[in-house]
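Subject: Structure for your review

Dear colleague,

Please find the structure below, together with its sequence. My notes follow directly after it, and I would be grateful if you would read them alongside the coordinates.

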Amino acid sequence: MTSTVSTTTTNNPLIPQFNIGGLASGLDTNSIIQAEMAVAQVPQQQIINQETLEQTRQTDLQAIQAQLTVLSGSIATLISPSTWTTQQQISSSDPTRITASGTGVPPGGFALTVSQLARAAQLTQSTGLQSASAADTLTIQIGSGSAYNVAIASGDSLATIATKINTQTGTKLFASVVSNQLVLSSQVTGSANTISVSSAGTLASDLGLTQTVSPQDAKYTVDGGSTQTSASNVLTNVASGLSLTLLGTTSSPVSVTVNTPGPNTSAIESAIQSFVATYNQTVDLINGKLTEKKVVNPQTDADRAAGDLEDDPTLESIVSQLREAVTNMFANAPSSMSTLASVGLSTGAPVGTGTVSQASLNGDLTLDTTALESALNTNFTAVKTMFSNVGTASTQGLAQRLNGVVGEFIGTNGMINSRIASETTLINQLASEKAEWDVRLNQYEAALRQKYTDMETAMQQAQAQGQWLNGQISGISSSSSSSSSSKSSSSSSSSSS
């Protein structure tokens, strides 16, 4: 008989890390134990598989919760006053010469010509002085504005003098050094805003500042009227609420057009398009989980996780309520605008004999911007009410309807939150059961190994006793053979004598 010896290591703390089996019996006891343990581990493996499934389900619910939160943010733009605030279009026929803006401006038009732009004064040093010969104080004033004093130390360079002027509080000019000369440039336009510089000592005269750019007013006409002047290039006196910025002189009149206030269609379209994209992402995600099929004979964790939310009642309720919110009629709307489809927002139902798209089956939304713009221009108030009205159940706008649906599932006590919490409880329970099985299986494996160890020990003892008996028997046999031989020899000797 050939003996088979096998060795194994184990993570069981109740068993030595190195085991030798089958020394006496010749059996591969480690393989036998592994086979018995595989059977014993089946209940724990079922718990592990269930734990993996519940963790996947919780992760999927958290993803849906996050997507519904994003949808909630998109819904908020539908109800935001900034989305539905009317705006007034104001335009210039030549924005390179004149730009126009404003609010609350009387609708109409203006024709402007600009013959001269306003500009500020500039003084430039006319001497070769490079530093102050003595401590002094410069007093600077622009037009009728307040004068301010700048203390200059003896030996201050032109750059230092410029820095002290620029950092003096209340200055309305900029000092610089250009080609070794101090230059003072006013920040205030208008012919009356000349720059005046004096000093307590001789510094002002030592610098010899002279006007190199004279200040001037802007000159313009409105609607062919008499020439007007302005110290600034920004005009606010043409019409109430209107602001015009003069950028250049004109060779012909520039038209400024002010339209009647109306809906900001670009902002509204942008908000609705953003909502549509987020809404579609939400229903596609949920429908994807609802229709994902379970694997009939799962072999891997991925197989077991597939279809974890197939036909889930909570998810079906979300999709159903979202669809109702966007397809139900609006009782307080004009008969011609009682559904979102009448203003361009629909599920894009297929027409003719075309193939039905999966997006349509999922309930994805599409936006017809042409229909929306037409509705906004025809009845802005009705469209605004349809999307953003806050009221009772019969007068709710789309945003309030959807907020009610989403809040039911992701609010503090929402159904999705409750499901996620329940999954956490179940996962913790399964982890506890798995840990209990670890202890039970370790004990069982230790008992198995002890049983086979006792068997091997008993067999070794039996084998040792058998070997001893065989030795004893062999010794007796040898002794008997020797005695018989001796007697035969004696008999032979006697006969010879």
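Why does arginine 97 count as partly exposed? Arginine 97 counts as partly exposed because its relative accessibility is 34%; the class lies between buried, under 20% relative accessible area, and exposed, over 50%, with a 1.4 Å probe and protein chains only.

Before the remaining findings, a note on the basis. This is a predicted model, in which local features need pLDDT of at least 70 and side-chain atom pairs count only at pLDDT 80 or more, while totals for chains, interfaces and linings use all residues. Residues are numbered from 1 along each chain as its sequence is written, and side-chain values use heavy atoms, with hydrogens and water left out.

Salt bridges

Arginine 97 forms a salt bridge (a side-chain nitrogen of Lys or Arg within 4 Å of a carboxyl oxygen of Asp or Glu) with aspartate 94, and the closest N and O atoms are 3.9 Å apart. Aspartate 94 is likewise partly exposed, because its relative accessible area is 24%.

A search of the whole structure finds 12 salt bridges. One of them joins lysine 293 to glutamate 310, with 3.4 Å between the closest N and O atoms. This pair links distant parts of the chain, 17 residues apart: lysine 293 is in the loop between α6 (265-291) and α7 (301-305), and glutamate 310 is in the loop between α7 and α8 (313-327). Helices here are DSSP runs of H or I with at least four residues, strands are runs of E with at least two, and both are numbered from the N terminus. Lysine 293 is exposed at 58%, whereas glutamate 310 counts as buried at 18%.

Arginine 57 and glutamate 54 also form a salt bridge, their closest N and O atoms being 2.8 Å apart. Both residues are buried and lie in helix α2 (residues 42-79), 3 residues apart, about one turn of the helix.

Strand β8 (residues 136-142) pairs with β9 in the antiparallel sense over 5 bridges, where pairing requires at least two DSSP bridges between the strands. Aspartate 136 has isoleucine 152 in β9 as its bridge partner. The hairpin has 5 residues between the strands, and glycine 143 takes a positive phi near 55 degrees.

In a regular strand the side chains alternate between the two faces of the sheet. In strand β9 (residues 148-152), Tyr148, Val150 and Ile152 form the covered face, while Asn149 and Ala151 form the uncovered one.

Yours sincerely,
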